[in-house]
Amino acid sequence: MAHTTKQRTAAGGRRAPQAVLPGQVVLVLQGGGALGAYQAGVYQALHEAGIEPDWVIGTSIGAINASLIAGNPPQHRMERLDTFWSMMQAATPGARLPDWMGLGNLVSNMATVMRGIPDFFTPNLHALRGSAAPLGVEAASYYSTAPLRGTLESLVDFEYLCECHTRMTVGAVNACSGEMRYFDTRRERLGVDHVMASGALPPAFPAVRIDGQPYWDGGIYSNTPIEAVLDDKPRRDSLIFAVNVWHQTAPEPESIWQVMARHKDIQFASRADSHIARQKQIHRLRHVIRELHKQIPASRRADPKVASLAAWGCGTTIHVAHLLAPRVEGEDHTKDIDFTPAGIRTRRQAGHADTMRMIQRAPWHQADADPIEGVLEHR
């Protein structure tokens, strides 16, 4: 597909000033619990700039944020995101407690561990029967996510979602086969179960059954769903805002506390950089094939074998705008359950600020890009 640009339209029908973007806009959201507040800030900045995504892809909390965006008209999206994140912090302390013995965040987060969040998850009393009790895959968890179902049903218009005004894809893993599956509104109708399945992180949350099969959080297989865009067919010019909330690199840890945090970061960063490196190689080869095809005499191009081989080539360009949530002072391995107002506010403000800087810089307009490269990264 030829490289194209288009004018974006902001909420309420107003034109976004000078917002000519290189192809479809894709918002890719990792899983990460409370860290998803950063994603809310990212979308807020895009919305304020008049940039509405054509496609939102998410895993776990990323799937929840994706449903709040794609499952509502642009003029209602910020209201629904604001409501959701207000509900998440309603029952948590207003500030972190003093950092006794270096355990300040953990102490603050214990309220969430013990009581849950009323509109998200609550303790599963069946779990008191013991970890070996045969509860069934839909009840074998420490918490019940029944409250989340009601929250999503009140904030997401699933009929609107399935009309695919904005395409949505959510990832979940089959608890039996171990295979990753991306549920996509372009191919099928999605409902509350699909979003909940994408966020069903075991053993905290129970599996969700879809078409008779139990599904868990896609983050335990791949928490960076950018692969769903890069492998999409037909290929299209794209501007991908890849929103990562886990750090793939960091200094070496020096304490058990830091080791636990570093282990979690590595696990849920899910090799985002290696995914993109592989796709850069693949797309470069596709561009090479396209250029080689141009060198073949016109009389040979009609040969079915030549045409079949040429079909592997393409001229699409994918820009990947990386956004990485900053570390918050004092955070530890429990940061993904830091639903305190202070934690949510800090991360959301960071997401907004980082995205505004990226939009103002607009590196996708750079004129010195190598035309043979199919995937261009902007950090």
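Ala, Val, Leu, Ile, Met, Phe, Trp, Tyr, Cys and Pro are counted here as nonpolar, Asp, Glu, Lys and Arg as charged, and the others, Gly among them, as polar. In the predicted model, the lining of the largest cavity divides under this scheme into 5 nonpolar, 4 polar and 3 charged residues. These residues are Q24, W55, V229, L230, D232, P234, R235, R236, S238, H283, T316 and I318. The space in the largest cavity amounts to about 70 Å³, and the model holds 4 cavities of 30 Å³ or more.

H283, part of the lining of the largest cavity, is also one of the buried residues of helix 10, together with A272, H275, I276, Q279, R286 and H287. Helix 10 comprises 24 residues, 272-295, and extends 35 Å from its first C-alpha to its last, close to the 34 Å expected at 1.5 Å a residue. Its buried residues pack against helix 8 (227-230), helix 9 (256-269), strand 11 (238-244), strand 12 (318-324) and strand 13 (375-378).

Open pockets were also identified. The largest pocket has a volume of about 690 Å³. Its lining consists of 31 residues, with L201, A204, F205, D336 and I337 nearest the centre. By class, 19 residues of this lining are nonpolar, 9 polar and 3 charged. At least two lining residues are supplied by each of helix 2 (61-70), helix 4 (104-115) and helix 9, and helix 4 provides the largest share, 3 residues.

The second largest pocket contains about 390 Å³ of space. Of its 15 lining residues, Q258, A261, R262, R327 and E331 lie nearest the centre. The lining of this pocket includes 7 charged, 6 nonpolar and 2 polar residues.

How values were computed. Residues are numbered from 1 along each chain as its sequence is written. This is a predicted model: local features need pLDDT of at least 70, side-chain atom pairs count only at pLDDT 80 or more; totals for chains, interfaces and linings use all residues. Side-chain values use heavy atoms; hydrogens and water are left out. On a 1 Å grid over the protein atoms alone, a cavity is a set of points where a 1.4 Å probe fits but cannot get out, and a pocket is an open set with protein on both sides within 12 Å along at least five of seven lines; lining residues have an atom within 4 Å of a point. Grid points are joined across faces, edges and corners, and a volume is the space filled by probe spheres set on the points. Helices (H or I, at least four residues) and strands (E, at least two) are DSSP runs, numbered from the N terminus. The expected span of a helix is 1.5 Å times one less than its number of residues. Buried means under 20% relative accessible area, exposed over 50%, partly exposed in between (1.4 Å probe, protein chains only). Contact means heavy atoms within 4.5 Å.
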